[in-house]
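User: I have a structure here and want to understand the labels used for it. Can we go through them?

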Amino acid sequence: MNHDDEINIEGSYRAYYGKLYASLLHHFGKSYIPIIENAIQNTFLKALRQWKHGRIPENKLGWLFIVAKNDLLNQIKKEAFQINYIEFDADQQDYRLEVLYYIIKATDIPKKAKTLFILKNIFGLHIKEISASTLLGEEAIYKNIQRTRKRLQKGDRQKFPGSFSALKPMEITLVAEVLYGVFNIGYDAVESKSFFNYNVCLEAYALTKTIKNQHADVRIKHLLSLFFFHIARFGSRMAKGKMISFFDQDKSLWNQSFINAGFHYLEKPDQLNQYYIEALIVSSYMMENNYDEGFWNKMLSCYKLLQNITDSPILQLNVCYCLMQLNQEEDAIKIIEKVEPVLRGRYYYFELVKASLYKKNKSELSKELFLKALNNVSQPVRKQYILEHFLLE
């Protein structure tokens with residue numbers, strides 16, 4: 001199998017895993033949860049063997065559906081399960097939102113467990129990617145998903161389908177957090193061959209827009225606004241095979257239609273929420289031409305508002321960066337020391353921010369931290385970026 005074939009398989013896994021899982025769960029039912037994942041994994045292994053040298057089916061999704069369904073039926077027969085499902089064609093609608101609703105409504109499963117299960121099975125994300133995004137250990141994530149699978153299988157759940165218009169505010173909170181998490185994993189894909197995954201971001205955006213049409217919660221609109229601002233810059237994030245930092249991006253490459261859509265959904269809420277403030281921050285960065293002291297004080301105020309809503313250690317790094325721009329190193333050091341136990345060795349941006357902070361006064365320590373960040377990333381494009389923008393300056 002050549003490199004192009006591998007990319008095709010990986011792309012298909014990303015695009016279709018969640019659709020296959022949701023469709024099989026919808027048609028066969030929760031009793032078969034333990035073997036649905038096996039069927040899908042077997043299907044992609046078969047694709048690895050058969051999709052060689054350009055011999056890829058025209059209708060990839062249809063091929064995957066048929067193989068997964070047949071594999072699941074074979075497992076059911078071997079395990080002497082009672083077969084009870086509705087026959088379905090290869091070209092089926094996307095059931096992911098329906099299954100997402102189903103899991104969100106489960107009252108006996110903790111919020112974190114729901115999130116991890118959805119990221120893995122509805123969006124087909126790898127355990128490593130989820131770990132990098134959530135800062136949870138891979139083993140802990142795996143065990144958590146196993147427990148959730150058993151609870152879903154045994155629990156007495158509501159029947160399919162469900163409508164997002166019936167979700168309560170706390171349930172919409174979880175839906176938004178999941179979609180936000182999926183988008184961020186695609187936007188900053190530290191565990192994939194590329195440093196961002198356009199398709200994962202678009203999947204999160206498309207599902208968010210569908211939910212917006214079913215539910216009037218303003219947070220979903222603000223989440224869409226945030227996505228639009230980020231997607232608008234996709235064409236400028238890379239040039240000649242290199243990562244381009246925000247401040248070096250060619251603004252003429254930004255998509256004005258997406259920017260306009262971002263502002264369209266950025267309506268001021270009665271009560272501030274995380275996505276509104278983040279969309280406000282991103283749009284401010286995009287609209288500014290003079291990144292002076294006044295700008296950084298404005299951003300610092302926005303980040304402090306955000307601190308009242310979320311205690312994310314990654315948010316603290318953004319606060320730290322603003323303080324550095326305002327030459328308030330002592331306050332920045334206090335924040336670095338506070339988040340270090342959580343982020344050190346697990347989030348390479350931490351080493352980069354800390355190294356930048358100590359560059360003036362502790363150059364040897366700074367260099368050591370830059371090298372540590374370099375060793376903590378596997379993607380050549382990120383390694384090149386760190387070398388050119390930090391170590392070779």
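Analyst: Start with Arg55, in the loop between α2 (33-50) and α3 (60-78). Helices (H or I, at least four residues) and strands (E, at least two) are DSSP runs, numbered from the N terminus. This is a predicted model: local features need pLDDT of at least 70, side-chain atom pairs count only at pLDDT 80 or more, and totals for chains, interfaces and linings use all residues. Residues are numbered from 1 along each chain as its sequence is written, and side-chain values use heavy atoms, leaving out hydrogens and water.

User: Why is Arg55 called exposed?

Analyst: Buried means under 20% relative accessible area, exposed over 50%, partly exposed in between (1.4 Å probe, protein chains only). Arg55 has 56%, so it is exposed.

User: What makes Leu272 partly exposed?

Analyst: Its relative accessibility is 40%, so Leu272 falls in the in-between class. Leu272 sits in the loop between α11 (256-264) and α12 (274-287).

User: How do you know that Leu135 is buried?

Analyst: Its relative accessible area is 13%, which is under 20%, so Leu135 is buried. Leu135 is in the loop between α6 (127-134) and α7 (138-154).
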